[in-house]
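Visitor: I would like to go through this chain by question and answer, with cut-offs given for each term.

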Amino acid sequence: MDTVKHLIELQKIDFELMELSDLLGDLPTKVEKLIEEEESLVSEISDGKARLKEITVELHKADIDVKISQGKIDKLKDQLFLVTSNKQYDALMHEIDYLKEELDRYETRDLELMEEKSELEESLKSNELTLETLSNDLSIRKGKLEKLLDETSNQKKVLEVEREEKAKKIASNVLARYDRTRHAKSGVAVVSIENNACGGCGAGLPPQIVADIKSASGIRNCDVCTRFLYWEK
Ligand SMILES: [Zn+2]
(Lines give C-alpha, C1' and ligand atoms only; values in the text may rest on other atoms or scores of the structure.)
Protein backbone atom coordinates (compact mmCIF):
# COMPACT_ATOMS: atom_id res chain seq x y z
CA MET A 1 0.00 0.00 0.00
CA ASP A 2 1.16 3.49 -0.88
CA THR A 3 0.85 4.97 2.61
CA VAL A 4 3.30 2.44 4.04
CA LYS A 5 5.68 3.12 1.16
CA HIS A 6 5.46 6.86 1.83
CA LEU A 7 5.98 6.28 5.55
CA ILE A 8 9.11 4.23 4.86
CA GLU A 9 10.46 6.95 2.60
CA LEU A 10 9.56 9.66 5.10
CA GLN A 11 11.43 7.76 7.78
CA LYS A 12 14.46 7.53 5.51
CA ILE A 13 14.44 11.33 5.14
CA ASP A 14 14.03 11.73 8.90
CA PHE A 15 16.99 9.40 9.50
CA GLU A 16 19.13 11.59 7.28
CA LEU A 17 17.94 14.73 9.08
CA MET A 18 18.77 13.09 12.39
CA GLU A 19 22.26 12.23 11.16
CA LEU A 20 22.78 15.87 10.22
CA SER A 21 21.69 17.11 13.61
CA ASP A 22 23.85 14.43 15.29
CA LEU A 23 26.83 15.91 13.49
CA LEU A 24 26.30 19.10 15.52
CA GLY A 25 26.10 17.09 18.75
CA ASP A 26 25.65 19.19 21.87
CA LEU A 27 27.50 22.09 20.30
CA PRO A 28 24.42 24.32 19.77
CA THR A 29 23.31 23.90 23.40
CA LYS A 30 26.86 24.49 24.67
CA VAL A 31 27.24 27.64 22.61
CA GLU A 32 23.89 28.94 23.81
CA LYS A 33 24.83 28.29 27.43
CA LEU A 34 28.21 29.98 27.02
CA ILE A 35 26.58 33.03 25.43
CA GLU A 36 24.25 33.32 28.43
CA GLU A 37 27.18 32.99 30.85
CA GLU A 38 29.14 35.59 28.92
CA GLU A 39 26.25 38.06 29.00
CA SER A 40 25.74 37.64 32.71
CA LEU A 41 29.48 38.08 33.40
CA VAL A 42 29.67 41.20 31.24
CA SER A 43 26.74 42.75 33.09
CA GLU A 44 28.19 41.77 36.48
CA ILE A 45 31.52 43.38 35.55
CA SER A 46 29.81 46.53 34.32
CA ASP A 47 27.75 46.78 37.53
CA GLY A 48 30.92 46.25 39.55
CA LYS A 49 32.76 49.00 37.69
CA ALA A 50 29.86 51.42 38.18
CA ARG A 51 29.82 50.67 41.91
CA LEU A 52 33.59 51.14 42.07
CA LYS A 53 33.18 54.64 40.64
CA GLU A 54 30.53 55.43 43.26
CA ILE A 55 32.77 54.12 46.02
CA THR A 56 35.64 56.35 44.86
CA VAL A 57 33.38 59.40 45.13
CA GLU A 58 31.96 58.28 48.49
CA LEU A 59 35.44 57.56 49.82
CA HIS A 60 36.64 60.99 48.83
CA LYS A 61 33.68 62.51 50.66
CA ALA A 62 34.25 60.31 53.70
CA ASP A 63 37.92 61.37 53.83
CA ILE A 64 36.91 65.02 53.74
CA ASP A 65 34.33 64.46 56.50
CA VAL A 66 36.96 62.81 58.67
CA LYS A 67 39.41 65.68 58.13
CA ILE A 68 36.81 68.37 58.83
CA SER A 69 35.61 66.60 61.94
CA GLN A 70 39.17 66.10 63.15
CA GLY A 71 39.95 69.75 62.50
CA LYS A 72 36.92 70.87 64.54
CA ILE A 73 37.96 68.68 67.45
CA ASP A 74 41.54 69.99 67.39
CA LYS A 75 40.28 73.55 67.40
CA LEU A 76 38.03 72.91 70.38
CA LYS A 77 40.83 71.18 72.23
CA ASP A 78 43.00 74.28 71.78
CA GLN A 79 40.18 76.37 73.22
CA LEU A 80 40.18 74.21 76.35
CA PHE A 81 43.36 76.04 77.47
CA LEU A 82 41.63 79.39 77.21
CA VAL A 83 38.51 78.67 79.28
CA THR A 84 38.00 80.59 82.48
CA SER A 85 35.16 78.68 84.11
CA ASN A 86 34.13 75.11 84.81
CA LYS A 87 30.89 75.72 83.01
CA GLN A 88 32.69 76.77 79.85
CA TYR A 89 35.02 73.80 80.20
CA ASP A 90 32.10 71.34 80.54
CA ALA A 91 30.33 72.87 77.53
CA LEU A 92 33.46 72.50 75.40
CA MET A 93 34.03 68.93 76.57
CA HIS A 94 30.44 68.12 75.73
CA GLU A 95 30.88 69.47 72.24
CA ILE A 96 34.14 67.61 71.79
CA ASP A 97 32.48 64.33 72.85
CA TYR A 98 29.70 64.88 70.37
CA LEU A 99 32.20 65.58 67.57
CA LYS A 100 34.21 62.49 68.54
CA GLU A 101 31.15 60.33 68.09
CA GLU A 102 30.60 61.92 64.73
CA LEU A 103 34.24 61.34 63.79
CA ASP A 104 33.90 57.72 64.84
CA ARG A 105 30.94 57.28 62.49
CA TYR A 106 32.85 58.88 59.61
CA GLU A 107 35.88 56.69 60.22
CA THR A 108 33.76 53.54 60.36
CA ARG A 109 32.10 54.53 57.10
CA ASP A 110 35.54 55.16 55.59
CA LEU A 111 36.73 51.69 56.63
CA GLU A 112 33.61 50.00 55.33
CA LEU A 113 34.02 51.69 51.97
CA MET A 114 37.68 50.71 51.74
CA GLU A 115 36.76 47.12 52.55
CA GLU A 116 34.00 47.09 49.94
CA LYS A 117 36.37 48.61 47.42
CA SER A 118 39.06 45.99 47.91
CA GLU A 119 36.53 43.12 47.77
CA LEU A 120 35.01 44.56 44.64
CA GLU A 121 38.38 45.00 42.97
CA GLU A 122 39.23 41.39 43.78
CA SER A 123 35.97 40.03 42.34
CA LEU A 124 36.27 42.27 39.27
CA LYS A 125 39.74 40.91 38.59
CA SER A 126 38.55 37.32 38.89
CA ASN A 127 35.43 37.94 36.78
CA GLU A 128 37.52 39.55 34.07
CA LEU A 129 39.83 36.54 34.00
CA THR A 130 36.86 34.15 33.81
CA LEU A 131 35.33 36.23 31.05
CA GLU A 132 38.52 36.11 29.02
CA THR A 133 38.72 32.30 29.22
CA LEU A 134 35.01 31.94 28.52
CA SER A 135 35.07 34.28 25.54
CA ASN A 136 37.98 32.38 24.01
CA ASP A 137 36.19 29.08 24.49
CA LEU A 138 33.00 30.54 23.08
CA SER A 139 34.63 31.94 19.98
CA ILE A 140 36.29 28.58 19.20
CA ARG A 141 33.01 26.69 19.63
CA LYS A 142 31.05 29.31 17.72
CA GLY A 143 33.48 29.00 14.84
CA LYS A 144 33.15 25.22 14.84
CA LEU A 145 29.37 25.42 14.96
CA GLU A 146 29.16 27.97 12.17
CA LYS A 147 31.41 25.83 10.00
CA LEU A 148 29.29 22.75 10.64
CA LEU A 149 26.05 24.64 10.08
CA ASP A 150 27.45 26.05 6.89
CA GLU A 151 28.47 22.62 5.66
CA THR A 152 25.13 21.03 6.48
CA SER A 153 22.67 23.82 5.79
CA ASN A 154 22.18 23.10 2.09
CA GLN A 155 21.74 19.40 2.69
CA LYS A 156 19.28 20.16 5.46
CA LYS A 157 17.24 22.52 3.29
CA VAL A 158 16.97 19.91 0.53
CA LEU A 159 15.89 17.25 3.01
CA GLU A 160 13.33 19.53 4.62
CA VAL A 161 11.74 20.27 1.25
CA GLU A 162 11.71 16.54 0.46
CA ARG A 163 10.11 15.86 3.81
CA GLU A 164 7.41 18.43 3.26
CA GLU A 165 6.57 16.97 -0.14
CA LYS A 166 6.49 13.46 1.22
CA ALA A 167 4.37 14.45 4.21
CA LYS A 168 1.72 15.95 1.91
CA LYS A 169 1.12 12.47 0.50
CA ILE A 170 0.25 11.01 3.90
CA ALA A 171 -3.07 11.46 5.67
CA SER A 172 -2.72 13.93 8.52
CA ASN A 173 -3.90 11.54 11.23
CA VAL A 174 -1.41 8.90 10.07
CA LEU A 175 1.32 11.51 9.89
CA ALA A 176 0.54 12.70 13.41
CA ARG A 177 0.71 9.10 14.66
CA TYR A 178 4.00 8.61 12.82
CA ASP A 179 5.50 11.76 14.40
CA ARG A 180 4.32 10.78 17.89
CA THR A 181 5.77 7.29 17.57
CA ARG A 182 9.01 8.61 16.08
CA HIS A 183 9.54 10.97 19.01
CA ALA A 184 8.68 8.27 21.52
CA LYS A 185 10.82 5.57 19.89
CA SER A 186 14.14 7.30 19.18
CA GLY A 187 13.25 8.08 15.59
CA VAL A 188 12.19 4.58 14.53
CA ALA A 189 8.47 4.51 13.79
CA VAL A 190 8.25 2.14 10.82
CA VAL A 191 9.68 -1.39 11.05
CA SER A 192 9.54 -4.54 8.99
CA ILE A 193 8.20 -7.87 10.19
CA GLU A 194 10.93 -10.30 11.17
CA ASN A 195 10.07 -13.97 11.80
CA ASN A 196 6.39 -13.11 12.33
CA ALA A 197 7.33 -10.59 15.01
CA CYS A 198 7.59 -6.79 15.23
CA GLY A 199 11.02 -5.72 14.00
CA GLY A 200 11.02 -2.94 16.56
CA CYS A 201 10.16 -4.55 19.89
CA GLY A 202 10.12 -8.24 18.97
CA ALA A 203 6.50 -8.81 20.02
CA GLY A 204 4.94 -11.78 18.23
CA LEU A 205 2.21 -10.99 15.68
CA PRO A 206 -0.99 -12.99 15.10
CA PRO A 207 -0.96 -14.85 11.72
CA GLN A 208 -3.91 -12.82 10.49
CA ILE A 209 -2.08 -9.56 11.04
CA VAL A 210 1.01 -10.92 9.29
CA ALA A 211 -1.15 -12.04 6.39
CA ASP A 212 -2.80 -8.59 6.22
CA ILE A 213 0.52 -6.86 6.15
CA LYS A 214 1.91 -9.23 3.52
CA SER A 215 -1.07 -8.58 1.29
CA ALA A 216 -0.60 -4.89 2.06
CA SER A 217 -4.22 -4.30 2.93
CA GLY A 218 -4.39 -1.29 5.23
CA ILE A 219 -2.00 0.08 7.79
CA ARG A 220 -1.07 -2.03 10.80
CA ASN A 221 0.68 -0.99 13.98
CA CYS A 222 2.36 -3.16 16.58
CA ASP A 223 0.02 -3.49 19.58
CA VAL A 224 2.96 -3.35 21.95
CA CYS A 225 5.21 -0.55 20.69
CA THR A 226 2.72 1.15 18.28
CA ARG A 227 5.27 1.24 15.43
CA PHE A 228 4.02 0.94 11.87
CA LEU A 229 4.64 -2.50 10.38
CA TYR A 230 5.48 -3.48 6.83
CA TRP A 231 6.51 -6.57 4.93
CA GLU A 232 9.89 -6.45 3.25
CA LYS A 233 9.68 -8.41 0.05
ZN1 LIG B 1 6.51 -3.58 18.41
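Visitor: In which helix does Ser69 lie?
Guide: Two remarks on conventions come with the answer. Residues are numbered from 1 along each chain as its sequence is written. The model is predicted, so local features need pLDDT of at least 70, side-chain atom pairs count only at pLDDT 80 or more, and totals for chains, interfaces and linings use all residues. Helices (H or I, at least four residues) and strands (E, at least two) are DSSP runs numbered from the N terminus, and Ser69 lies in the one that spans residues 27-80, helix H2.

Visitor: Is Ser69 buried, partly exposed or exposed?
Guide: A residue is buried if 20 or more other C-beta atoms, placed from the backbone, lie within 10 Å of its own, exposed if 12 or fewer, and partly exposed in between. Because Ser69 has 19 C-beta neighbours inside 10 Å, Ser69 counts as partly exposed.

Visitor: Which residues is Ser69 in contact with, leaving aside its neighbours within four places in sequence?
Guide: Contact means that the C-beta atoms of two residues, placed from the backbone, lie within 7 Å. Ser69 and Glu102 are 33 residues apart in sequence, with 7.4 Å from C-alpha to C-alpha. With neighbours within four places set aside, the contacts of Ser69 are Leu99, Glu102, Leu103 and Tyr106.

Visitor: In what order do the elements of the chain run from the N terminus on?
Guide: The chain has five helices and four strands. Read from the N terminus, the order is α-α-α-α-β-β-α-β-β.

Visitor: What is the radius of gyration of the chain?
Guide: The C-alpha atoms fill a box of roughly 125 × 35 × 30 Å along the principal axes. The radius is taken over C-alpha atoms, and the globule rule is 2.2 Å times the number of residues to the power 0.38. For a compact globule of 233 residues the radius would be near 17 Å, but the chain has 39 Å.

Visitor: How far apart do the C-alpha centres of domain 1 and domain 2 lie?
Guide: The bounds come from an automatic or database domain assignment. That assignment gives domain 1 as 24-156 and domain 2 as 175-230. Their C-alpha centres lie apart by 66 Å.

Visitor: In what order do the four strands form the open sheet?
Guide: Two strands pair if DSSP finds at least two bridges between them. E1 and E2 are joined by two bridges and run antiparallel, while three bridges join E1 to strand E4 (residues 228-230) in a parallel arrangement. E3 and E4 pair in the antiparallel sense over two bridges. The sheet is open, its pairing is mixed, and the order is E2-E1-E4-E3.

Visitor: Which strands stand at the edges?
Guide: A strand with a single partner strand has one side left without a neighbour in the sheet, so the edges are held by E2 and E3 (220-221).

Visitor: Which residue is the bridge partner of Arg220 in E4?
Guide: Elsewhere in the sheet, Ser192 stands opposite Tyr230 in E4, and Ile193 has Cys198 in E2 as its bridge partner. For Arg220, the partner in E4 is Leu229.

Visitor: What phi does Asn195 have?
Guide: Asn195 is placed in the loop between strand E1 (190-194) and strand E2 (197-198), a hairpin with two residues between the strands. Because Asn195 has 8 C-beta neighbours inside 10 Å, Asn195 counts as exposed. Most residues other than glycine have a negative phi. Asn195 is not a glycine, yet its phi is positive, about 50°.

Visitor: What phi does Asn196 have?
Guide: Asn196 also sits in the loop between E1 and E2. Asn196 is exposed, with 11 other C-beta atoms within 10 Å. Although Asn196 is not a glycine, its phi is positive, about 60°.

Visitor: Which residues in H1 are buried?
Guide: H1 has 23 residues and reaches 34 Å from its first C-alpha to its last. What covers its buried residues includes helix H3 (86-168), helix H4 (172-184), E1 and E4. The buried residues in H1 are Val4, His6, Leu7, Leu10 and Asp14.

Visitor: Which residue follows H1?
Guide: The residue after H1 has a positive phi, near 55°. It is Gly25.

Notes
The expected span of a helix is 1.5 Å times one less than its number of residues.
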